[in-house]
Amino acid sequence: MSVPTSHSSLDEQVALWRQFLSRRQAIHAVDVAELEDHLREQVAGLVEAGLAQDEAFLIAVKRMGDLDSLSREFAREHSERLWKQLVASPEGVTTVTRQESVVAWALAFGAALALKLPALFGITMEEHEHFYLRNAPFFSLPMLTGYFAWKRRLAPATVRWLALAFVCAAVFANVYPVRETGSTAILAFVHLPVALWLVVGIAYAGGRWSQVAGRMDFIRFSGELFIYFALIAMGGGVLAAFLAMIFESIGIKVEAFLGTWLIPCGAAGAVVIASWLVEAKQSVIENMAPVLTRLFTPLFAAVLVTFLGALLWTGNGVNIERDMLIAFDALLVVVLALVLYSISARDSTAPAGGFDVLQVVLLVCALLADAVALWAIAGRISEWGLTPNRVAVLGINLILLVNLAWSTVLYFRFLRHRGSFTALERWQTGYLPVYAAWAALVVIVFPPLFGFA
Amino acid sequence: MNESLGEPDVEINKDLMAASSTPIVLSILAEGDSYGYAILKRVKELSGGQIEWTDGMLYPVLHRLERLGHVEARWEVPEGGRRRKYYQVTTRGRAQLAEEHRQWRAVDATLRGIWQSVVTAGSSVPVANGPLPQGAW
């Protein structure tokens, strides 16, 4: 064996060993370098004592101690390393991640600036509240779409289509001669973000929108984004409260600044920042939404079972008030979210287990409760008349009911080994455009249909 | 190896190993700046091969001493060599060493005193069973 060959084989062996070591979370790159220096010197010493190089390597590795206990010792000394540090991680800051953070922050500031842009043309937040409510999604969602267009390197043609969708939406949101406080205007304001969220999803999926996996990733992303946004909003609330308190103490009123600058601009920017955080940590930290789902699925199932039991026991009819159906809509949304995020975290090849049975119980109870509510309302809907609000609420209820009913069927088939779990995934991901289509319908068709009421 | 020196192999238990690692490492560093491999070699040399640490375990000890401010570390790259992390004892480390020295001397003195009275001359094994009255078994 010639000297260079043996050298290169030692390098290979050391590289492999280094790779094993680097996988340990508690052992950082600097420590690996330090240990490698030790290993190489040990090998050199043993070779000098007359051993062959590969023998020397084996002994040196053995003397280093087994990886598990070594990693445990490092973890004991550096316990902070077991907590994944995301934003302030000193290592792994590559030019790519830095560039991405710059882009994300720039877009977040862009969203905040866009929000203040109309004020330059005299459309101030104080006087034109409804203009801002109507157009709220247009300040942050295009920036978010832009972020994903940049990150996924979308084709120019796709970007043009997405931009066109935003332009069309902006036209429909603003051209109708609706009463600003009318119900069709408020419905449009609520439904517009839902419709536009699909546009964000197409950008997010970056060419994988037609695949189940691509849409499932978008569902996961949406759940995490919601959680991150809520956390950021809570932090923002604390900041705003402090600001108000300490400036109050020196006699300066900051309510106007909070209401027209900090809170709206912060919210617009936070959408982009939260998305960037979700992207950055997706492979590093366990997703939160499925964890919450695990916690709350049994609780919601228990509540619904008790509710149905009480309904049967007391024989009380559901006292449907005019707005009561919204509560049942909300229930279906929650159940759908619970089902969706359990599906998103489940290994689709795993066999059916206890949690799946629990899901079916939850689904069946939700369907029964909703059926009771719908039954109660059916007789009276003609009596009350079809207002835009009632049609919208009823429409959502039907859409969710169809989704959950078919999900239940698919779940039953899966439990009885007659169908695969993938069918359920396909059904849920395939259903996503339905929500957006309904939302678009409410925004575009409702105002003329109901005479711009 | 040790048999050739006529001494039995001593297996030092984990707790004692952990307790002694700080004074040993600090003492070696007090002789002069050093790095992991050299420290281990010195330990082996000083103990006549009786104390053998698992190599990797030295590093968490060094890192702990660094965190406590007893030693300072620096990376050096010798001409044409690998970069290597050197450790240097600090003033606080020397104070700690002095303190450890006092404590170990106290323990040492105590054990010496008590063993002189119970250990039979010439034997390295304490006569644990010797004084027991016959028939106790």
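Hi everyone, let's start with a helix pair in chain A: the axes of helix H10, residues 212–249, and helix H11, residues 255–281, come within 9 Å and cross at roughly 150°. Before going on, please keep in mind that this is a predicted model. Angles over 145 degrees count as roughly antiparallel, and H10(A) and H11(A) are therefore roughly antiparallel to each other. As for handedness, H10(A) passes H11(A) in a right-handed crossing.

If you want to find this contact on your screen, look on H10(A) for residues including Phe221(A), Tyr228(A), Ile232(A), Gly236(A) and Leu243(A). On the H11(A) side, the residues include Leu258(A), Leu262(A), Gly266(A), Ala270(A) and Val278(A). Which classes do the residues of this contact fall into? There are 18 nonpolar, three polar and two charged residues in the contact of H10(A) with H11(A).

Helix H15, residues 388–415, and helix H16, residues 421–444, have axes that come within 10 Å and cross at roughly 175°. That crossing makes H15(A) roughly antiparallel to H16(A). Among the residues that meet here are Ile399(A), Trp406(A), Leu410(A) and Phe414(A) from H15(A), with Leu424(A), Trp427(A), Tyr431(A) and Trp438(A) among those from H16(A). By class, the contact of H15(A) with H16(A) has 15 nonpolar residues, three polar and no charged.

While we are here, have a look at the loop between H15 and H16 of chain A, where you will find His417(A). The phi of His417(A) is near 60°, a positive value in a residue other than glycine. For background, most residues other than glycine have a negative phi. Is His417(A) buried or exposed? His417(A) counts as exposed, because it has 9 C-beta neighbours inside 10 Å.

Arg153(A) has 9 C-beta neighbours inside 10 Å, so it counts as exposed.

Let's turn to chain B. Its secondary structure comes to four helices and three strands, and along the sequence they follow the pattern α-β-α-α-β-β-α. How much of chain B is buried? Of its 137 residues, 18% are buried. Looking at contacts in chain B with a separation of 6 or more, 48% are between residues 24 or more positions apart.

The helix I'd like you to pick out in chain B is H4, residues 91–118. This helix has 28 residues and reaches 41 Å from its first C-alpha to its last, close to the 40 Å expected at 1.5 Å a residue. H4(B) is hardly covered, with two buried residues among its 28.

Finally, where do the chains meet? The contact takes 17 residues from chain A and 14 residues from chain B. On the side of chain A that touches chain B, the elements giving two or more residues are helix H2 (29–48), helix H3 (53–64) and helix H4 (67–77) of chain A. The largest share of that side, nine residues, comes from H2(A). Sorted by class, the side of chain A that touches chain B has five nonpolar, three polar and nine charged residues.

Technical notes
Residues numbered from 1 in each chain as written. Chains lettered and ligands numbered in written order. Predicted model: local features only at pLDDT ≥ 70, side-chain atom pairs only at ≥ 80, totals over all residues. Axes fitted to C-alpha atoms, helices over the stretch in contact; angles between N-to-C directions. Parallel < 35°, antiparallel > 145°, perpendicular 65-115°, else oblique. Left-handed = near helix turned anticlockwise from the far one by under 90°. Contact = placed C-beta atoms within 7 Å. Nonpolar A, V, L, I, M, F, W, Y, C, P; charged D, E, K, R; others polar. Expected span 1.5 Å × (residues − 1). Buried ≥ 20, exposed ≤ 12 C-beta atoms within 10 Å, placed from the backbone.
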